[in-house]
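Have the structure open while you read.

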Amino acid sequence: MTTTQPAANSPDALDTLGDAADVRRLMESAQRLGFEIKEEDTVKWMASIAQQSDSGDLVVDTASGAFGHRVAMLDFSPRDLERFRRFGKIVEVTGPSPDVESALAISGSAAQSKIQSFPGDCDYFQRLNIKAPTREAACATMAELLREKVLTTRQGATYQFLEAKLGSYPFDGTHAGKSVSKGSPISWDFDEIEARELRVEGPQGETVLRWEEVALDPGWCKLDWVVVDSERRQLSNASNVIDVTWEAPDGEIVSLDGYLDAFFQEVYLDAEDVPMFAKVAKFVSDDALDDYVDRLEQEVRKYLTHHLNYGKAAKRMYNVFRLSGKHLEAAYVRELFDEPTTILYQVWSLISTLDNATQPGSSIPIADVQSQADALVLDVIRALEGDEETEVVKALLQLRQSLEHQNAGAGRIAEVEAAQARVINVVNTFFHDKLMGMPTINAYIEGIQRAEA
């Protein structure tokens, strides 16, 4: 275990990457495409990641109390840490000590606040370790803790529960009017969690799935809320992905979903959780880095082909590149996240947040929704011009009017989808043009798309 160290930034450190001409070529590509790369910052970052990317050590930021893998900590800034800790009290699942241990982290763009000027949602990741005599007992405890968390955080002035993911559908069917496929995560609303059961139409007619029973094979565990920062009048979707582990009486630790997640993109919020984290992390597979990169590349393929979204692909490519030694490509993508147009990625995400915040029965004050909607319009005006600006602003204003009246139904769904489609078209064009302007990234993308064609 170490504390944070200053980034290596000497010319000698850069030379270990190969040649300073690489950085010059990087800057030329950026200049040709109309955006700026800060040479000094890029040199420092590339030197730092070259020194540290092969290390498995954790870094503890003694000033803030946050900790994480060395590579993750290079992109972390503590400026919004107290905000994440405040929301963390809403999303974190806890239980009686010492049989239940927890370590809560931020992940995704939230954990990359040094470079993600316009992050999307408030993404959390939690390690929940349960000591129990049997796996079945650990599953029962997990089921009760998740349910208790939902029941006690259904709604408040600054949050509204949305849904939980627990278990997997045992067959193809229909749930709540939507088609579901065998093996996909089961989505539970509040009433279903309270009743401990939900109903699915399948090949044999209606089947009742029970909360405690599906918890025996929990799969992907996730809880979702809308939260509002009352000081900023800013809304966010807050999700908590929970990796639940069972600690057997002999000290062996296994994940209840069969895979113990790696820790290459998480920043943990409290240094007091280091001992618990270190205990669980000892059981992470030796192949965890390779497995993690493989899973990221599967998502990159998805967003470059079947579910086209160059913004989401870029975020995942950045993590692939920085963890697989493609530091020049990572440095290039890293700079894209600071461009004004990328705020539209945040706008795209917040449109869904506004929709979630104004569903019937929501406790989120409509004034906060209006304030967030107005902020999105201003963001679009700053980022765009001409016909693109007119179209996106018009869609947002129509959606805002619908949200004010809290009208639900097919009309609302159409307006949400229309606003998101206009925004994502601009986001896709921006990221596509910039990514394809870097020859090595261009080759990487085209290789994936050819293989999937």
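Which helices do the buried residues of helix 10 pack against? They pack against helix 11 (310-323) and helix 17 (439-452).

Some ground rules before going on. This is a predicted model, where local features need pLDDT of at least 70 and side-chain atom pairs count only at pLDDT 80 or more, while totals for chains, interfaces and linings use all residues. Residues are numbered from 1 along each chain as its sequence is written, and side-chain values use heavy atoms, leaving out hydrogens and water. Helices here are DSSP runs (H or I, at least four residues), as are strands (E, at least two), numbered from the N terminus.

**Two helices by length**

The expected span below is 1.5 Å times one less than the number of residues.

| Helix | Residues | Length | Reach, first to last C-alpha | Expected span |
|---|---|---|---|---|
| Helix 10 | 288-304 | 17 residues | 24 Å | 24 Å |
| Helix 14 | 366-383 | 18 residues | 26 Å | 26 Å |

In helix 10, the buried residues are Ala-288, Tyr-292, Val-293, Leu-296, Val-300, Tyr-303 and Leu-304. Buried means under 20% relative accessible area, exposed means over 50%, and partly exposed is in between (1.4 Å probe, protein chains only). These residues lie on the same side of helix 10, because they cover an arc of only 140 degrees around its axis; the arc is taken from the directions from the helix axis to the C-beta atoms.

Now for how helices pair up. Two packed helices are described by the angle between their axes and the distance between the axes. Axes are lines fitted to C-alpha atoms, for helices over the stretch in contact, and angles run from 0 to 180 degrees between N-to-C directions.

The axes of helix 10 and helix 11 come within 9 Å and cross at roughly 155 degrees. That is why the two helices count as roughly antiparallel, a label for angles over 145 degrees.

The contact is made by Tyr-310, Met-317, Val-320 and Phe-321 of helix 11 and Ile-441, Tyr-444, Ile-445 and Gln-449 of helix 17.

**Over to helix 14**

Helix 14 has buried residues too, including Val-369, Leu-376 and Val-380. Their cover includes strand 13 (221-229), strand 14 (234-247), helix 13 (343-357) and helix 15 (386-404).

Notes: Contact = heavy atoms within 4.5 Å. Parallel < 35°, antiparallel > 145°, perpendicular 65-115°, else oblique.
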